[in-house]
Amino acid sequence: MSGPDTSPRPRRDLWIPAGFVLFFVALAGLQLWFVLLANRSFSGLVTDPKPAAGRYAAQAPDWTARLAFVPSEALAGTLAMEIAGANGAPLTPERLVATAERATRFPQLLPIVLHEVAPGRFEAPLRLPLAGDWAIRLTLTQAGATSERIETLEVAP
């Protein structure tokens, strides 16, 4: 006499947890691919709004500054600056302090060490961490009076 078969049958529902694990492994791989793609395609150029150039121009009508950045390699080069008095003659201040500023998620403040190459002409080596628009803050002391000016400098990647 034979009774009902009570031998255990193989489980047919093991594909469900395997499907969940496989889905999340594929999702992690897709996210890793997006991260690698973003890192490889980032040019270094951040398109933030331009800094407020000339914001302090009303406080410094007695002098003007003209800046030029001459690149020697990516994000590095020489900052050339000419300072002239109200009459247009080269101006050699008693004290000149310059900083490069960039308002990003992590603000960048870089001191600039200027060297006078001629009366009213200054140069400084400059290496910037990001491309884009940088605000160069100039603080000039002449005859005991201090004035400040902000100029915009565009650096290509």
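Mentor: A polar contact is a pair of N or O atoms within 3.5 Å, and within protein one of them must be able to donate a hydrogen and the other to accept it. Keep in mind as we go that this is a predicted model.

Trainee: OK, so which side chain does the side chain of E116 make a polar contact with?

Mentor: The partner is the side chain of T92, at 3.1 Å, and that distance counts because the pair has to lie within 3.5 Å.

Trainee: What else does E116 touch, leaving out residues up to four places away in sequence?

Mentor: Besides T92, E116 touches R121 and F122. As for A80, which is 36 residues apart from E116 in sequence, the C-alpha to C-alpha distance is 10.0 Å.

Trainee: Where does E116 sit, and which strands go with it in the sheet?

Mentor: E116 belongs to strand β5, residues 115-118, and β5 comes at the end of the order β1-β2-β6-β5 in an open sheet of four strands with antiparallel pairing. Both β1 (63-73) and β5 stand at the edges with a single partner strand each, so one side of each is left without a neighbour in the sheet. On average, neighbouring strands of this sheet are turned by 30 degrees against each other, direction ignored.

Trainee: Switching topic: is S147 buried or exposed?

Mentor: S147 counts as buried because its relative accessibility is 10%, and the cut-off for buried is under 20%. This residue is found in strand β8, residues 145-155, and its side chain is joined to that of W63 by a polar contact of 2.5 Å.

Trainee: And which strands does β7 pair with?

Mentor: Strand β7 is joined to β8 by 11 bridges, the two running antiparallel, and T139 has E148 in β8 as its bridge partner. Seven bridges also join β7 to strand β3 (residues 95-102), again antiparallel, with A135 in β7 as the bridge partner of E101.

Trainee: How many residues of β7 are buried, then?

Mentor: Nine of the 11 residues in β7 (residues 132-142) are buried, which leaves the strand mostly covered. In the hairpin of β7 and β8, with two residues between the strands, A143 takes a positive phi near 55 degrees.

Key
Residues numbered from 1 in each chain as written. Predicted model: local features only at pLDDT ≥ 70, side-chain atom pairs only at ≥ 80, totals over all residues. Heavy atoms only, no water. Buried < 20%, exposed > 50% of the residue type's maximum accessible area, 1.4 Å probe, protein only. Pairing = 2+ DSSP bridges. Contact = heavy atoms within 4.5 Å. Axes fitted to C-alpha atoms, helices over the stretch in contact; angles between N-to-C directions.
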